[in-house]
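Please look at the model below with care, and read the report that follows alongside it.

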Amino acid sequence: MVDRHLRQRKKDTADLTEGVNSDGSKPTRASREATSHPRVEHIASGVASSSMKTYAFIFLLLSLLFWGGLLVQLHSLWDRAPSRRQERLPGVRHDAVPIFTADETRREAVVEAFRHAWSAYERDAMGDDEYHPISAKGTNLTAAGGIGYTIVDSIDAMLIMGLHDEYERAKTWVQEKLSFDRDDLSYQTTIRILGGLLSVYHLSGEDPMFLEKARELGDRMLPVFDTPSGLPLTMVNLHLQEGVPDPGNGGYISTAEAATLQLEFRYLSYLTEDDVYWDKVEQVMAVLNAAEVPHGLVPIFINPTSGSYGVSPIRLGSRGDSYYEYLLKQYLQTNQTEDVYRQMYAESMTGIHTYLVQRTAHGNLLHTAELIPERGQDGKTGWRLSPKQDHLVCFLGGSLMLGATTTGAVVDHVSVPPLPREFSHEGKRDWSTGVELIKTCLETHNTQTGLSPEIAFFRFEGDNADKQAGFKLPKDWYIKGSSPGKPPPLDARYILRPETVESLFIAFRLTGDPWYRDQGWEIFQAIEKHCRIPTGGYAGVKNVDGVPVEHEDKMETFMMSETLKYLYLLFSDANVLPLNEYVFNTEAHPLPIFTPSMPTGFS
């Protein structure tokens, strides 16, 4: 390009000299007009100016290339610097390459495990609520017969895993034999049966039979809300369509039970365009929100008559767990349109961090504690912190990470893995706590079997636990009441619970880090080794620290509906039930996110 411009410039100069005679005299007007180009001086000036601009442009371009390359190299060095790596969020390894494709070998191993569980149940107990694999029989929750807890709780997993033959047989049973003329049943009917029917309705391509069954069940359950406050009674007689008080808790109901109906009833309203289901469960949330808890933490019992909380423990385990879980999930279910649930969730998470999040003195393990009410000599109620954490609490790690990427995000679309600048202060806090809590839950799998106990107690400075036990306990956590040579306590059981693998699934989807898959695979292998019954099915173990194991003759329905489903999804493509399109109820039934067309959020 430069040579071409130089040649043009020499030609232009030659053209200019043609205006002078060889003897130096000026040509006549006529000869000048014959030999000169019109406006030649103006053109010559323009050509010279154009050439100078060309040189300047080339110089600028070369400078930009040089400095741009230098900046890229400096940025690369900055990214690799140790101080820069420390800016990454915890739970995201700096050298990990995100993976979003399926691990087919591990995924198929989970499918085979599901077949092993289902085929035994189908052979020995088809239609019964629960299965006992060692005695090879089933039992029901009421004297009038079962409502197929195991079938309806597991049928959506069959579609997800591509088990179409098993699905067709289960569907036939639901269509021909499922009956709701049954006696007293608990809120588990909502999360397992109603949730299962709604999920399989969606996943089946909207087979109307499933929605008809779901609506019938929803109608039969509505009388549980007929209380002065609108809070639901604990039990329901589906045959008589009556709510039944729980005589064991002095008239109080469980907070988690009251607050773990909303995803299912709201989606039923959305599908049927009947507001009655939505109104009932939204009234429950309005009562709970009005019950004035300044720190966002709720006692585990509430009075269905007055709508006020009773003096009872505050914990994230049994009777409390899914209250906090559904605050976030209600906000997500309706496409983040109901800000009241975001506010309730944010307040609760701040309360959890302020009062319940603790660390062990030795290994600095992050865990949660419980607040136990105690009446003092002056008659006033105080609160004692107990370092007890149920296995149920292990859902919270993944939930906190999911909440960080939604309620704690300052951008519309969070990266995978997330970047620190995409989170608010609270988002970074929740993410970090979630990551550490998952690691603590994995630490509780550090047992003789690789399985986690039902309840773990954590150590703190000056706890006198060694003295109380009569021997030296582990430095960070222990199973209370467990002693060599004595029968194991109930806390030492593993009953096929899913909460840790649930959090691993969520963490993997949000980071793409295969480390979470590796941890899930280790848990799956421990289940296969110690819980698999050779003749069919899986059973819990009585002592996670006892080898060889002693089994409990029961396969909980959540083994297939949650534990194996979450493991399958952990090893599946990231586009299978993506977290930005689905919300999972507390029994792992995926329900699609939607935008409501009716006024909501206590409006």
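## A buried threonine

Thr-406 is buried, with a relative accessible area of 17%, where buried means under 20%, exposed over 50% and partly exposed in between, for a 1.4 Å probe and protein chains only. Thr-406 is found in the loop between helix 15 (395-404) and helix 16 (425-443), helices being DSSP runs of H or I of at least four residues and strands runs of E of at least two, numbered from the N terminus. Leaving aside residues up to four places away in sequence, Thr-406 touches Leu-328, Leu-332 and Gln-336, and a contact means heavy atoms within 4.5 Å.

This is a predicted model, in which local features need pLDDT of at least 70 and side-chain atom pairs count only at pLDDT 80 or more, while totals for chains, interfaces and linings use all residues. Residues are numbered from 1 along each chain as its sequence is written, and side-chain values use heavy atoms, with hydrogens and water left out.

## The second largest cavity

A cavity is a set of points, on a 1 Å grid over the protein atoms alone, where a 1.4 Å probe fits but cannot get out, and its lining residues have an atom within 4 Å of a point. Helix 13 (321-333), helix 18 (499-511) and strand 15 (582-584) each supply at least two residues of this lining.

About 90 Å³ of space lies in the second largest cavity, a volume being the space filled by probe spheres set on the points, which are joined across faces, edges and corners.

How values were computed: On a 1 Å grid over the protein atoms alone, a cavity is a set of points where a 1.4 Å probe fits but cannot get out, and a pocket is an open set with protein on both sides within 12 Å along at least five of seven lines; lining residues have an atom within 4 Å of a point.
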